[in-house]
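Please open the model in your viewer and follow the stops below in order. Each stop says what to select and what is found there.

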Amino acid sequence: MRINQWKRSNVITAYLFLTPAILGLLFYTFLPLLGVMGISLTEWSGLEPPTFIGLENYLNLFTTDCYFQKSVVATLYFALGAVITGLIYSFSMALLLNRNIPGRGIWRSVFFLPYIVPIIGSSIIWSWMYEANFGVINYLLNLLGWDKIQWLQDEKFAMPSIIMIMVWMSGNLIVIFLAGLQGVPKTYLEAVEVDGGNFWHKFRHITLPLMSPIIFYNFLMSLIANLQGFVPAYALTKGGPSDSTLLMVYLIYREGFMRNNFGHASALSVLFFLFIAVLTGFIFATSRLWTFYESEVR
Amino acid sequence: MRVTKTFYDWVCIVLITIIASLVIFPFFWMVRSSLMSNLEINQYPPVLFPNNWQFDNYPYTLSVFPFGKYLINTLIITIPSVAGVLLTSTLAAYCFARLEFPLKKFWFTLVIGSMLMPGAVTIIPIFIAWSSIGLSNSYIPLIVPAYLGGGGFNIFLIRQFLMTIPRELDEAAYMDGAGHLRILFHILLPLIKPVLITVGLFTFILYWNDVMGPLIYISRNEMNTISQALANFRSGFGTDWRAIMAASTMSIIPSVILYFIGQKYFVEGIVLSGLK
């Protein structure tokens, strides 16, 4: 009797408590998704009513619009560059910090700090350091006998320059890796030592396989975040020079909100959505191949 | 037991010190530049410390960059948003952790799956909807999303934390006649405080640092957030580097203070999110 009452109140409470989340799914995911698909079939500046033009926006994107293709290349370059360099940097730092080091907490805080400060602020500091004539980075290059580099104005260097900022900001990954490394059983590592294995053996056969789920998690999360990169392009390069840093989210922003081409920008958004969906689907499908879960062996 | 340091430990310490100095260097360079005259900033070769410290750069910058106003604007968006995220994500997390109801799996998958959805995809229709009801130049579009579920990631984190708390507690309270609201807010809430602080801090940082939202919705200068105002200041004041650096320093200080106060929770939260 009382149990039944409890069950009924469970259902009512659940839907009551979930109402905000369900409204969010409806108004911030599903309806906008339908909306963006609808708008992508129109030509619309936001002032007069939209005109239906079918798939013309998509056709243009694949034929006459040179920006779209450039932005795909730039987005992939940026995301993969930032993720791979960021993972290598943060994993190495975590390995270093995982040793017998005094003041580990303080070091960890230092590496983590860039992750939480406003990215506009960081972008401004970096743009000042990258400055070609008076910037400190070119000064150091000069000291070492190299020529000055137009970091943010040179097609070749603009992308590596903004990737560098993303790597600097990836202190969150260090913290996750460090926590994971502390979970690697010492006994396994000692066993390798007893068998005469060196640092590389321990790393390759114990640390790396045991850490692979965490590496996968960090890879996926930072890939999704960096594919949506916007601020570096907005604050530092405006997509240039010669569209070399034209990140896709920046392009959507530019077309939609600076040029008021809502139809065109919506078509870009739809393609961006498919692009991310396919990519994450592919990564999940192949994740079994390259991550190792301890429980599978036991 | 004290382990003696090997040669490799010393190599590590040296490496870490060098890299940590490089990581902290941009902050040092910003503060140092904010205390120089423009002449000295543009001096080549650059000097490490100002020859005479220009502390009046800050009053000067405040006269052209009303930081206090931007700070209040940012707080007006951030504080209600943090409250909304905490409230609605705790409610949803409680459902998924404790209640049995039809379609539970379905909703859970949708809510968590929506976390992978890139926000940029839907900004255009959402912006058009807000402007069609005349609210596009206000803080409302920036705050409302926080009250609509609070994000799949936060719901997941709080749910994971709730699952570690024994159900017997709820059952005992229920036997004493407590309803769901009472169980959640009087019994469970104090126990999940750590995860709530973590979620609150990360949400705060997320909204505090948001660039895209204010950029799209807020056009009037007196309504700008710190990040937005800083970006505009940078493009408007071109080469007045001492003011730009002072403004950047001021903009970064609140985050740094918050970070050092809540450090423990930041680190725990990051670890929790990565290892669960």
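Select the loop between α11 (231-237) and α12 (248-258) of chain A, where Ser242(A) sits. The model is predicted, and the angles and counts on this tour are computed from it. Ser242(A) is not a glycine, yet its phi is positive, near 45 degrees. Is Ser242(A) buried or exposed? Ser242(A) is exposed, because 11 other C-beta atoms lie within 10 Å and the cut-off for exposed is 12 or fewer.

Go on to Asp243(A), which is found in the loop between α11 and α12 of chain A. Asp243(A) also is not a glycine and has a positive phi, about 60 degrees. With 17 other C-beta atoms within 10 Å, Asp243(A) counts as partly exposed. As background to both stops, most residues other than glycine have a negative phi.

Now show chain A as a whole. Chain A contains 14 helices and two strands. Its C-alpha trace spans about 85 × 75 × 35 Å along the principal axes. The radius of gyration of chain A is 24 Å, while a compact globule of 298 residues would have one near 19 Å. Of the 298 residues in chain A, 39% are buried. Among contacts in chain A with a separation of 6 or more, 67% are between residues 24 or more positions apart.

Switch to chain B. How many helices and strands does chain B have? Chain B has 15 helices and zero strands. Along its principal axes, the C-alpha trace of chain B spans about 75 × 70 × 35 Å. For 276 residues a compact globule would have a radius of gyration near 19 Å, whereas chain B has 24 Å. Buried residues account for 41% of the 276 residues in chain B. Of the contacts in chain B between residues at least 6 apart in sequence, 76% join residues at least 24 apart.

Next, colour chain B by its domain assignment: domain 1 is 7-56 and domain 2 is 61-275. The C-alpha centres of domain 1 of chain B and domain 2 of chain B are 33 Å apart. Where the two domains meet, nine residues of domain 1 of chain B are in contact with seven residues of domain 2 of chain B. On the domain 1 side, α1 and α2 (38-41) of chain B each supply at least two residues. Which helix gives the most to the side of domain 1 of chain B that touches domain 2 of chain B? That helix is α1(B), with four residues. By class, this side of domain 1 of chain B has four nonpolar, five polar and no charged residues.

Select Pro45(B), in the loop between α2 and α3 (57-64) of chain B. The peptide bond joining Tyr44(B) and Pro45(B) is cis, with omega about 0 degrees. For context, most peptide bonds are trans.

For the last stop, show both chains together. Here 73 residues of chain B are in contact with 73 residues of chain A. Helix α1 (residues 7-34) of chain B provides the largest share of the side of chain B that touches chain A, 13 residues. Sorted by class, the side of chain B that touches chain A holds 55 nonpolar, 14 polar and four charged residues.

Key: Residues are numbered from 1 along each chain as its sequence is written. Chains are lettered from A and ligands numbered from 1 in the order in which they are written. This is a predicted model: local features need pLDDT of at least 70, side-chain atom pairs count only at pLDDT 80 or more; totals for chains, interfaces and linings use all residues. Ala, Val, Leu, Ile, Met, Phe, Trp, Tyr, Cys and Pro count as nonpolar, Asp, Glu, Lys and Arg as charged, and the others, Gly among them, as polar. Domain bounds come from an automatic or database domain assignment. The radius of gyration is taken over C-alpha atoms; the globule rule is 2.2 Å times the number of residues to the power 0.38. A residue is buried if 20 or more other C-beta atoms lie within 10 Å of its own, exposed if 12 or fewer, and partly exposed in between; C-beta atoms are placed from the backbone.
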